[in-house]
Amino acid sequence: MSLAHVILGLLQQQAMTGYDLKTSCFDQCIGHLWPADQAQIYRTLEKLVEQGCITCTIEIQHDRPNRKVYSITASGKAELVRWLGTHQPLPIVREPLLVQLHFADRLPNEIIIHLLEQQLAARNEKLVKCENIDLPVLGDESASREEVMQRLVLELVIRREQTYIDWLNTAIKVISQQEPHSSEYQIL
């Protein structure tokens with residue numbers, strides 16, 4: 001998956017500026033799945049214009065800087081449909097915390113627990129943000145097809161975060177009961 005496909009999907013819903021994509025879409029509704037900063041978004045928009053997948057029109061504003069509004073083209077819609085129907089391989093997951101934990105046997109328990117507690121706080125924060133996303137619950141017959149798809153995805157993200165939180169709590173408990181290693185590293 002690429003940021004380009006995310007942007008094509010968002011522009012399929014409606015024409016937007018790069019700023020709108022960042023603030024209304026990535027910050028508000030899709031960042032829990034695919035985060036992106038403003039520079040990445042603007043670089044990707046430029047590439048999509050060059051590829052003919054989107055167009056850019058300038059909206060003249062008299063009291064503010066002009067706005068570049070991006071819209072998906074027929075070519076962009078075709079690429080999005082092609083990508084949507086393509087099987088995606090399992091992602092390569094890189095978890096720095098797990099690598100740290102893998103090699104942390106000689107660290108004092110307090111340092112390991114501190115790292116885990118920091119991760120726990122971050123995961124709890126993400127879980128709260130996901131739980132606060134306003135989408136109808138599964139089974140709500142008034143939900144649109146788009147809302148059902150978005151809720152299904154959100155449910156997996158919520159479950160994944162909850163599972164990670166449960167594991168972190170277990171890890172903290174287990175490590176707090178471990179005897180420290182006799183030749184602990186010197187921490188500077």
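**Entry 1: a pair in α7.** I began with R151 and E155, which sit about one helical turn from each other because they are four residues apart in helix α7. I found a salt bridge between R151 and E155, and the closest N and O atoms are 3.0 Å apart. A reminder to myself before going on: this is a predicted model.

I then looked up how open each partner is. R151 has a relative accessibility of 9%, so I put it down as buried. E155 comes out at 22%, so it goes down as partly exposed; the cut-off for buried is under 20% relative accessible area.

Entry 2: Next I moved to helix α4, residues 74-84, where E79 and R82 lie three residues apart, about one turn of the helix. E79 and R82 also form a salt bridge, with 2.7 Å between the closest N and O atoms. Are these two buried, or partly exposed? E79 is partly exposed at a relative accessible area of 23%. R82 is partly exposed too, at 44% relative accessibility.

**Entry 3: a pair across two helices.** I wanted a bridge between distant parts of the chain, and I found one in K126 and E161. Their side chains meet in a salt bridge at 3.6 Å, N to O. K126 belongs to helix α6 and E161 to helix α7, and the two are 35 residues apart. I noted K126 as partly exposed, given its 28% relative accessibility. E161 is at 1% relative accessibility, so I noted it as buried.

For the tally, the structure holds eight salt bridges.

**Entry 4: α6 against α7.** With that bridge in mind, I checked how the two helices are placed. The axes of α6 (residues 109-131) and α7 (residues 145-176) come within 9 Å and cross at roughly 160 degrees. Angles over 145 degrees count as roughly antiparallel, and α6 and α7 are therefore roughly antiparallel to each other. I logged the crossing of α6 past α7 as left-handed. The contact of α6 with α7 has 15 nonpolar residues, along with six polar and five charged ones.

**Entry 5: α1 against α3.** I turned to another helix pair. Helix α1 (residues 3-13) and helix α3 (residues 38-50) have axes that come within 10 Å and cross at roughly 80 degrees. That angle makes α1 roughly perpendicular to α3. On the α1 side I listed L3, A4, I7, L8 and L11, and on the α3 side Q40, I41, T44, L45 and L48.

**Entry 6: a closer look at Q40.** I stayed with Q40, which is found in helix α3. Q40 counts as partly exposed at 30% relative accessibility. Leaving out residues up to four places away in sequence, I found that Q40 touches L3 and P35. L3 is one of the α1 residues I had listed in the contact with α3.

How values were computed:
Residues numbered from 1 in each chain as written. Predicted model: local features only at pLDDT ≥ 70, side-chain atom pairs only at ≥ 80, totals over all residues. Heavy atoms only, no water. Axes fitted to C-alpha atoms, helices over the stretch in contact; angles between N-to-C directions. Parallel < 35°, antiparallel > 145°, perpendicular 65-115°, else oblique. Contact = heavy atoms within 4.5 Å. Left-handed = near helix turned anticlockwise from the far one by under 90°. Nonpolar A, V, L, I, M, F, W, Y, C, P; charged D, E, K, R; others polar. Buried < 20%, exposed > 50% of the residue type's maximum accessible area, 1.4 Å probe, protein only. Salt bridge = Lys/Arg side-chain N within 4 Å of Asp/Glu carboxyl O.
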